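This report looks at selected local features of one structure. The sequence and the structure are shown first.

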Amino acid sequence: MGEYTPEKIRNIALCGHGGTGKTSVAEAVMFSAGATNRLGSVDEGNTVSDYTDAEIARKISISTSMLHCDWKDAKMNILDAPGYADFIGDAKAAIWASDMVLTLVNAASGVEIGTDKAFNFADEFNRATAFLINHVDREFADFDSALAAIQEHFGNGAIPFQIPVNAGEGFNQIIDALQMKLITYTQGKAEVSDIPAAWQDQAESLREQVVEGAAESDEDLIEQYLEEGDLTDEEIARGLKIGMVNRTLFPVFVSAASKNVGIDLLLNFLSDFAPGPLDLPIPTAYKAGAEEEVALAVSDDAPLAAVVFKTISESVGDLSFLRVYSGSVKPGDDAFNTNRRASERIGQIYAMSGGKRVEMDGVGAGDIGALIKLKNTHTGDTLCSKNLHLKIQPIEFPHPLIRVAVAPKARGDEDKIGAGLQSIHEEDPSFAAGYDSELRQIIAEGQGELHLTVVFDKLKNKFGVDVDVIEPRIPYRETIQGRAEAQYRHRKQSGGRGQYGEAYLRIAPKQRGEGFEFVDEVVGGAIPGKFIPAVEKGVVETMQRGVLAGYPVVDTQVTVYDGSFHAVDSSDMAFKLAGTFAFQNAFMDAKPILLEPIYKVHVVVPEAYMGDVMGDLNGRRGRIQGMDPEGNFQVIHAEVPLADLYKYSTSLRSMTQGTGDYTMEFSHYEPVPHDVTQKVIAASEHDRELVEA
Ligand SMILES: Nc1nc2c(ncn2[C@@H]2O[C@H](COP(=O)(O)OP(=O)(O)OP(=O)(O)O)[C@@H](O)[C@H]2O)c(=O)[nH]1
Ligand SMILES: [Mg+2]
């Protein structure tokens, strides 16, 4: 059914740090393969891949684009992932959907944090990796240093397959160890010639490294190599593939993508040597509800197992990018979405080239296609044959790093905002949003400010609602530091039956995190047993509402030890009110304080920025807990109040010129300093006045 048999399919993710040239490589690939008739450029905003208005305006990739072309009877599916840290979720999903990750490195800047990330995701998912040192035509390009950095970071399995002859401005010659030829690019034409005598030694040593790399991947091959001193082309190809699949071998190539230098050689390598769907293991699939594994196969006739790794919105509707692992799917089929427990009627299927689509007869095993208007399917879902109920472990998207609150610009838009943000989350799980009933705000979380800006633009364009971004409230807690007692008598006589209830309460602090405890020490029926739950209810509801500044009260023991009642007028309501007011009085006498959430923050920065980053953390009331070296980076561990982490990702990135990165997780609650407490209380009074006004 598929137009291409699985051995003729290559699924390549283009990844790496921002601006390394992924989109330019994709552009040069399309042009070289004859899929387009001009070489577009990111700077002119006319590439196949960066086709959205937001990408053209910003000159960066924001979303993974899918492109395809033919090269030497192989189908190349290219996933051009964004490199900007805010869109790392997309890059992770692209790596997941690929068989081989081409990780770009800038010849002038070497290994960067984005290089590490791409390599680590490929490692996590067991995908093959090759490196492409791009920008070799830059004035300060330094191939040797870039290669050394790659080897230092990722080991000696990173083997150069090529060397640039004239790196720097005017770069147009490459020595290629696979062909053992010199390739010269002039005015868009590649000319193949013999290696000049002056480069012969270097070329031979390059060739030797490649052949050795192939031999070392496999025990039989190494034996053969040691005996005969060489390998046949077929053996080299086999060895290289084994090494790449096992992630012991990482070929390194060179290019100047924007000049289309080296791209044809890269494509030759990808079609002739790169691992494809048949070479990598199919992800494990489970029958929903059972631990039993199902036998799948990279063959059109096997049961369908496929995963939606990305969803995009186009004028025609939502398109789901589907990677088929086993079996095949065609228009008119009924598939089953195991995650949503719903069947899906498959409509048209497209092969994408950026924003352009052409219809496909179906997607065969190992291939990738875009399915239109699936009813119930979202990013990360498994589609399988009907009645099979298979589930492939979903892609784990990165946790959000920044949070903001959003407020509608127009009154009454809350519901539309909620629905829109939910739908965007289903498309892009690295973004999350929801109404926080404690904070009484819609909270949106993402990977960075640009990520959120893109989300809110989408909310406006697709769902027609405009929002203001505001600072989110902090989920403070209230507690006490001392002990106190208080009493309250609720009594009302207003014709008919009266109301009467009196409670005596004692309150005492508990250890942090121990929560609430209610103790009944009433003796002699001073409060009849049946009314005790009403007293407790009054206390609990007041604790939830807060006393000092409207935040929940925690870590407090409340003991009811006395009271009085009236045979006729006492009621649950009266005792609840007695509990409420007795608690409020006792609380205010027991040295009440506010607690604030403290987060553990792990900041990864190059050594050079350590001083600045630590100074900044101190300014945020952070406490440095320690430091660890990690490759060329330093990891700073600190505890920082959430209140001082607002927009931290933006400051960190600007402080470190985009090289810094961090994760944060909730740690514990701690008392708020006095001056901050006063501000929080004042703000809550202001809020209450607004509500009452
Ligand atoms: N001189 C030179 N410029 C290049 C080369 N490759 C890309 N560029 C330029 O570098 C800039 C970034 O290129 P892109 O292709 O957008 O890089 P990218 O990796 O796709 O960027 P993101 O997707 O935003 O991470 C653009 O101005 C390109 O024209 C190259 O080999 N040589
Ligand atoms: Mg790009």
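## Surroundings of Lys373

Lys373 touches Val316, Gly317 and Asp318, when residues up to four places away in sequence are not counted (contact means heavy atoms within 4.5 Å). The side chain of Lys373 has a polar atom 3.3 Å from the backbone oxygen of Val316. Lys373 is found in the loop between β19 (368-372) and β20 (382-385), and with a relative accessible area of 56% Lys373 is exposed (exposed means over 50% relative accessible area, buried under 20% and partly exposed in between, with a 1.4 Å probe and protein chains only). From C-alpha to C-alpha, Lys373 and Arg345 are 9.6 Å apart in space, and 28 residues apart in sequence.

## Basis of the model

This is a predicted model, in which local features need pLDDT of at least 70 and side-chain atom pairs count only at pLDDT 80 or more, while totals for chains, interfaces and linings use all residues. Residues are numbered from 1 along each chain as its sequence is written, chains are lettered from A and ligands numbered from 1 in the order in which they are written, and side-chain values use heavy atoms, with hydrogens and water left out.

## Magnesium site

The magnesium ion (ligand 2) is coordinated at 2.0 Å by Thr23, through OG1, and by Ser61, through OG (donors are N, O and S atoms within 2.8 Å of the metal, or 3.2 Å for Na, K and Ca; water is not among the atoms, so sites may look incomplete). This pair links distant parts of the chain, with Thr23 in helix α1 (residues 22-32) and Ser61, 38 residues apart from it, in the loop between α2 (53-58) and β2 (65-71). Both Thr23 and Ser61 are buried.

## Packing of α6 and α7

Helix α6 (residues 200-216) packs with helix α7 (residues 219-228) at an angle of about 135°, and their axes are 6 Å apart; the two helices are therefore oblique to each other (angles under 35 degrees count as roughly parallel, over 145 as roughly antiparallel, 65 to 115 as roughly perpendicular and the rest as oblique). In this contact Glu208, Val211, Glu212, Ala214, Ala215 and Glu216 of α6 meet Leu221, Ile222 and Tyr225 of α7.

## Positive phi angles

Asn260, although not a glycine, has a positive phi of about 60°. Asn260 lies in the loop between β11 (250-254) and α9 (263-272) and is buried, with a relative accessible area of 15%.

Arg440, also a residue other than glycine, has a positive phi near 55°. Arg440 lies in the loop between β23 (432-436) and β24 (441-446), and at 47% relative accessibility Arg440 counts as partly exposed.

Definitions and conventions. Axes are lines fitted to C-alpha atoms, for helices over the stretch in contact, and angles run from 0 to 180 degrees between N-to-C directions. Helices (H or I, at least four residues) and strands (E, at least two) are DSSP runs, numbered from the N terminus. A polar contact is a pair of N or O atoms within 3.5 Å; within protein, one must be able to donate a hydrogen and the other to accept it, and residues adjacent in sequence count only if both atoms are side-chain atoms.
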